[in-house]
Every structure is written in C-alpha cells, then in structure tokens.
Amino acid sequence: QVQLVESGGGLVQPGGSLRLSCVASGSIFANIAMGWYRQHPGKERELVASINRGGGINYADDVKGRFTISRINGDNTVYLQMNSLKPEDTAVYYCNMRAYVTVSEWGDYWGQGTQVAVSS
C-alpha cells in the first residue's frame with residue numbers, strides 16, 4: 001500500500017518557525033492531493049492545508065498568511081512551512097495523501113503524526 005513518513009516537528013517558542021516534511025512511498029499509481037491535518041487534545045482532526053495535483057491550495061482560516069504548503073510532485077513529497085507560530089498551533093500534525101493505487105482504486109492514507117509544541 002502507501003506509507004507516509006513525517007519529520008520536522010518539535011518544540012519552538014511563540015513567533016518561531018518550523019518546517020514539516022512528508023514523503024510518500026509504496027504502490028502509488030497517481031497522486032490526487034496531499035495535505036496536513038492537526039489534532040488538538042480532545043478534539044477532532046482538522047485540515048490545516050492541502051494541495052492538489054493541479055496545484056490548487058486550501059488553508060484553514062487561522063493559518064492563512066502564516067503557513068505555506070508546497071510539494072514536489074514527482075517525489076510525492078509535501079512540506080508545511082510554519083511561521084509566526086502561536087501556542088494554539090500546538091497539536092499533533094498528520095500528513096495525508098489521497099491517491100490512486102490502481103487505475104480505478106483510490107484511498108486516503110495517513111502518516112504516524114508529528115508533535116508540534118509552541119511554548120515559552
């Protein structure tokens with residue numbers, strides 16, 4: 001199937017920056033979209049940013065202007081540059097990939113999650 005490996009989380013002070021990376025591998029026939037979600041303790045997972053095969057990008061309202069998603073299509077790699085981090089950005093961040101694994105079968109795949117903590 002498809003495996004996603006995330007890296008780049010950690011502890012940073014308010015106002016600081018982090019860059020998350022996610023590399024997908026496995027039986028990927030075609031990449032449909034990749035994105036980042038986050039989950040705060042006791043809450044549901046929510047979309048942070050996504051980018052589709054055609055380059056269309058969506059951001060959650062509370063990260064617009066601070067976070068930037070980018071990708072390398074040929075490498076099935078997606079990045080999330082996070083600037084001006086706030087304590088409320090503290091969460092576990094998950095990489096997501098929606099992809100065809102055959103000509104007709106597609107699915108949503110998830111990484112294991114990486115912790116981002118923003119604190120002084």
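I started at Arg 19, which stands opposite Gln 81 in E8. I then looked up the setting: E3 (residues 18-26) and E8 pair in the antiparallel sense over six bridges, where pairing needs at least two DSSP bridges between two strands.

A note on the source: this is a predicted model, so I kept in mind that local features need pLDDT of at least 70 and side-chain atom pairs pLDDT 80 or more, while totals for chains, interfaces and linings use all residues. Residues are numbered from 1 along each chain as its sequence is written, and side-chain values use heavy atoms, with hydrogens and water left out.

Next I checked the other partner of E8. Strand E7 (residues 67-72) also pairs with E8 in the antiparallel sense, over six bridges, and Ser 70 has Tyr 79 in E8 as its bridge partner. Four residues lie between E7 and E8 in this hairpin, and Asn 76 in the turn has a positive phi of about 50 degrees.

Is E8 (residues 77-82) mostly covered or mostly open? Mostly covered: five of its six residues are buried, meaning under 20% relative accessible area with a 1.4 Å probe, counting protein chains only. Across the protein, buried residues make up 42% of the 120.

Then I zoomed out. I found 11 strands and zero helices, with strands being DSSP runs of E with at least two residues and helices runs of H or I with at least four. The radius of gyration, taken over C-alpha atoms, is 14 Å, which agrees with the value near 14 Å for a compact globule of 120 residues; that rule is 2.2 Å times the number of residues to the power 0.38.

Conventions: Buried < 20%, exposed > 50% of the residue type's maximum accessible area, 1.4 Å probe, protein only.
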